[in-house]
Structure formats: structure tokens, C-alpha cells
Amino acid sequence: MYDVIIIGAGAVGCGTARELSKYKLKVLVLEKGHDICSGASKANSGMIHAGYDPIPGTNEAKFNAPGSRMMYEACAQLDVPFEKSGCMVFATDDSGLAELDKLEGFARQNGVHVEIVRPPELYELQPEIGRDVKAVLWVPDGGVTNPFTVTFAFAENAHHNGVEFKVDCQARDVRRKGDVWLVSTPEGEFETRMVVNAAGLYSDKINNMVSEKKFRIIPRFGAHVVLDRKRSAKLTTSLMETPHDLPGGGHTKGQAIIPTVGGSMLLGCDAKEVADPDTTEWERPSAEQIINYFKNAWHSLPLGSDGSEFPVDSIIAVFGGCRPHADTNDFVIGEPKDAPGFVNAGGTESPAFTASPAIAEHVAGICIDRLKPEKNENFDPYRRAKKVFRDMTDEEKQRAISKDPDYAKIVCRCEMVTEAEIRDAIRRPLGARSIAAVKLRTRAGMGRCQGGFCSPRVLEILCEELGLDPLEVTQCGGDSRVLVSRCGQMRQEIEK
Ligand SMILES: Cc1cc2nc3c(=O)[nH]c(=O)nc-3n(C[C@H](O)[C@H](O)[C@H](O)COP(=O)(O)OP(=O)(O)OC[C@H]3O[C@@H](n4cnc5c(N)ncnc54)[C@H](O)[C@@H]3O)c2cc1C
């Protein structure tokens with residue numbers, strides 16, 4: 001019997017697992033994907049939103065600003081790269097200026113420090129901003145991090161402190177039996193005293209299995225382009241449009257350009273309602289449609305001299321995912337009255353990645369109040385990540401290579417990822433088991449060639465480390481096998 005089963009290993013579920021591991025509790029996290037971080041937490045812009053835009057009084061406002069402060073603290077404890085580089089919301093006309101005034105009021109009520117800055121002071125703060133900008137809302141506490149590294153770090157730290165994880169293990173049914181909950185999965189039925197619903201885009205399905213207080217998730221897709229490092233020299237902070245209201249309720253923060261912690265730039269993202277929550281790409285657009293879409297996005301941003309031409313040749317990837325927008329227009333947090341022991345952490349649209357540490361603390365608090373466990377005196381809040389080879393000094397590189405010669409073998413030339421780092425990503429607790437899982441943990445395949453050169457070697461290393469046949473290796477679990485047949489077999493089949 002478990003004390004708590006958490007459904008979903010995104011930022012919210014893994015953050016909650018970490019919070020619960022501060023206590024002597026038997027906790028299991030179930031993830032339907034092949035890896036931790038298979039949902040919205042891997043598809044987002046990685047912005048740590050300070051909390052200037054949620055409508056005061058909502059759950060989004062309640063958890064955003066404290067969550068952002070806790071996120072910086074968690075990144076420092078868990079050895080995850082982050083930058084408090086700030087964020088500017090810009091206005092180029094009178095309606096934009098009115099919007100900045102509104103946001104300033106929201107920020108004040110949400111306890112977030114902001115300033116409206118106008119030219120010429122603005123040019124001192126951001127020399128590269130376009131001359132058509134009338135004012136910006138300057139949000140110094142905004143920042144960026146790697147959302148997947150944060151999620152893996154929450155999970156690794158929770159695991160280190162005693163939490164169990166099962167991937168490829170979907171919660172198919174949740175029901176009450178007397179005083180306990182039964183959770184059915186492909187690995188059998190598990191009994192638990194409490195359930196936390198952190199299923200993101202499927203949090204409505206899980207809630208609606210147990211409560212008459214139903215809600216519905218409206219998946220909202222957003223896409224980004226990744227621009228390579230050479231574009232990121234001048235812009236020091238994220239630049240964002242003013243938020244837009246959306247027809248189905250709520251709002252989107254608008255298009256933005258975001259310097260990432262990895263050194264590349266993200267441009268995006270839109271918000272479009274879609275039927276399939278698992279959509280990760282546009283419905284087969286042509287390259288021209290993608291380029292035209294982002295060209296417009298680029299020209300909507302005031303990028304000064306740097307923005308005169310859309311840098312088509314700097315695009316290295318397009319990616320996207322869906323936000324779990326609830327029809328309540330807010331995060332759905334807490335225990336429904338008719339399902340004691342079942343705690344929702346759902347409807348987690350943006351800014352729930354930023355808010356995840358605060359949501360986690362609140363949701364774990366409900367479990368702790370109910371279960372009254374003893375504190376885990378051995379709780380270790382820290383996680384040590386190995387220093388990234390690319391960021392080492394020459395002396396550090398020499399030392400690393402003399403300790404482990406695999407540091408001398410560069411596998412991903414674009415991102416300078418070594419064989420030692422790839423092997424570590426596979427060997428770590430809750431380690432990588434697919435090419436995409438290695439990519440998210442090490443950046444191998446995230447550079448300009450998008451894995452064209454390094455994927456075959458990553459595949460070989462996965463085989464060596466996990467004892468797999470090359471035909472068994474997948475891109476991202478399930479049926480996504482990378483190789484279809486051996487050449488000899490294929491020749492025989494063709495000749496038949
Ligand atoms: C394009 C885009 C940009 C965004 N930008 C930002 C941003 O810059 N800053 C920010 O703060 N937020 C941003 N967000 C929002 C942010 O990504 C989400 O708020 C956050 O990731 C939600 O985390 P989660 O853990 O609730 O959900 P998820 O990360 O989706 O995790 C839920 C997990 O549950 C699993 N699951 C579902 N059903 C089951 C089941 N039955 N059994 C087992 N497992 C199950 C899923 O596979 C998934 O891994 C953005 C989102 C998108 C899509």
C-alpha cells in the first residue's frame with residue numbers, strides 16, 4: 001500500500017514528489033510516457049514568469065509569483081542552469097500603453113516588482129530595442145531555465161530521497177474502495193491512501209473518474225523556432241508582446257523572443273485550440289508556411305537593427321506542444337469535496353511550469369495534513385550535476401579527460417557533447433533509454449545538424465549501456481523505432 005500515488009511526471013508531479021520526499025511516506029509516481037517529462041513540461045519556452053499577468057485573486061496569481069521565487073531557489077539547489085535575465089513587455093501604440101498600465105496594476109496586486117520604462121532610459125536598459133517602442137513593462141525578476149532539466153532534477157532528487165517512479169505506466173482507472181484508492185495500470189492495481197492528479201493535459205480525465213465536479217481541458221498548441229547561437233549576441237532579456245485574450249477564455253502572453261540558457265534563441269509562441277492533446281507539430285505545414293508564420297512573428301517584435309531581416313538561415317528546429325487550459329480559466333488545485341484523499345493539481349497551463357514548486361508545496365501540504373507523517377530527517381535537498389564539458393575551462397577539460405578518457409570523444413559536434421556525458425545520462429538514476437531522452441539530458445542532437453551526425457553513435461552507446469539490439473532502440477519510446485531492419489535482411493527481402 002502506498003501513502004501517495006502521483007499521476008504524471010511533469011514539473012508539477014515531480015515537484016510534488018520532491019516535496020513529499022521530505023517526509024517518511026511511501027510515494028509512487030506513475031508516468032504514461034516512456035520517460036519523465038513527456039508532456040507540456042518538455043515543450044515550453046522555459047521562461048520563469050515573475051507573475052505580472054495573472055488576474056489577481058486566481059490560482060494562477062496565487063502560485064505564480066511565489067513559484068518563481070521558489071524556482072530560482074530550486075535551480076540553485078539542484079544544479080540546474082538558470083538566468084534571472086528579466087523580461088520586457090513592449091508597447092508600440094496607445095492601446096499597448098493602456099495594457100502596460102493594466103499589467104502594472106496586476107503586478108502590484110500580485111506582489112511583483114515591475115517598472116514602466118520609456119525612451120531614452122529604455123535604450124540604456126536594452127540598446128537593441130526598436131525605436132518604435134513607446135514604453136516597456138520591465139520585469140527584472142523574470143528569467144529563463146531549461147524546463148526539462150528542472151523536471152529531471154525534481155525527479156532525480158525525489159528518487160534519491162526515496163520516491164519510486166514507473167514510466168510506461170498509465171493510470172487507466174482510479175476508484176475508491178472503502179478508505180483507500182485503487183489505481184489500475186498496465187502493471188496491475190495499486191492501493192494508496194491518497195492520489196495526486198498531476199496529469200497535465202489529461203488531468204480532466206483523471207478528475208472526472210472520481211468527482212462529480214467535472215472540468216474539461218482545452219489543449220492549446222504553441223510552436224517555437226530555435227535560432228542558433230549566432231543570433232543571440234545582442235539581446236540580453238526576453239522581449240514579449242502584450243497578452244492577448246483568447247476566444248475560449250483566458251489569455252496568451254503573445255509572441256516573444258527569448259535568449260535561452262543554452263545560448264540559442266527561441267521565437268514563439270502562438271496559442272491555438274486543438275483536438276488532440278498529444279499534438280506536437282503543426283498539421284503538416286510546408287517549410288514555406290512555417291517560415292512565413294515566424295517571419296511575421298519576428299517582424300511583430302521590436303528588434304532594432306538586429307531585426308531588419310528575418311534570419312531564415314539561423315533556424316535549426318521547430319518544436320511545440322499543448323498547454324493544459326481548463327474550461328474554468330484557472331489552475332484546478334485541491335481536493336474536490338466529493339473525493340476526499342484525491343488532490344487535483346490540474347489545468348496547468350502557463351505559468352504552471354514556473355508555479356510548479358509552489359503548487360507542489362501546496363498539494364504536498366494537503367497530503368501531509370491528512371497523513372501526518374514524520375519528517376524524513378535524511379532528506380537531502382541537493383543534486384549534483386556533472387559540469388558540462390562545453391562550459392569547462394581548458395584545465396578542467398584536461399582533468400576530466402585524465403579521469404575518464406570518454407571525455408575526449410566528442411559525439412555531438414554542434415553542442416560539444418562527449419561520450420562520457422552521454423554514458424552518464426544513461427547511467428544516472430531514472431536515466432535515458434531513448435535517443436530523445438539522451439538529447440533532453442545532454443543536448444546531443446539539439447544543435448545545428450539536429451542529430452544528423454551524432455544519432456548513430458548515440459544509438460550505439462544506448463545499445464552498449466542497456467544491452468539492447470540496435471533494432472530495439474527508439475527515438476522516444478513506444479513504436480518510434482529508429483532502425484527498421486538490418487541491411488542484409490533488407491537486401492534479401494528486396495531480392496525476393
Ligand atoms: C508552447 C508552450 C509554452 C509554454 N511556455 C511556458 C513558459 O515559458 N513558462 C511557464 O511557466 N509555463 C509555460 N508553459 C506551460 C507549462 O509547460 C505547463 O504549465 C507545465 O509544464 C505543466 O506541467 P504539468 O506537470 O502539470 O504537466 P505535464 O508536463 O504535461 O505533465 C503531465 C504528465 O502526466 C502524464 N500523464 C497524463 N495522463 C497520465 C496517466 N493517465 N497516467 C500516467 N501519466 C499520465 C503525461 O504524459 C505528462 O508527462 C508553456 C506551455 C506550452 C505548451
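## Buried or exposed

A residue counts as buried when its relative accessible area is under 20%, and as exposed when that area is over 50%. Aspartate 424 has 18% relative accessibility, so this residue counts as buried.

Please keep in mind that the model you are looking at is predicted.

## A bridge from lysine 386 to aspartate 424

Which residue pairs up with aspartate 424? Aspartate 424 forms a salt bridge with lysine 386, and their closest N and O atoms are 3.7 Å apart. Lysine 386 sits in the loop between α8 (352–371) and α9 (394–403), while aspartate 424 belongs to helix α10 (residues 419–427), so this pair ties together parts that are 38 residues apart in sequence.

## Two helices joined

Helix α10 also holds arginine 427. Its side chain makes a salt bridge with glutamate 465, with 2.8 Å between the closest N and O atoms. Because glutamate 465 lies in helix α12 (residues 455–466), the pair ties together parts 38 residues apart in sequence. Arginine 427 is exposed, its relative accessible area being 56%, whereas glutamate 465 is partly exposed at 22%.

Both residues belong to a network of linked salt bridges, and other members include Asp406, Lys409, Glu419 and Arg423.

## One more pair, and the total

Lysine 166 and glutamate 164 form a salt bridge too, the closest N and O atoms being 3.9 Å apart. Glutamate 164 is partly exposed, with 29% relative accessibility.

How many salt bridges are there? The count comes to 36.

Conventions:
Residues numbered from 1 in each chain as written. Predicted model: local features only at pLDDT ≥ 70, side-chain atom pairs only at ≥ 80, totals over all residues. Heavy atoms only, no water. Salt bridge = Lys/Arg side-chain N within 4 Å of Asp/Glu carboxyl O. Buried < 20%, exposed > 50% of the residue type's maximum accessible area, 1.4 Å probe, protein only. Helix = DSSP H or I, 4+ residues; strand = E, 2+ residues; numbered from the N terminus.
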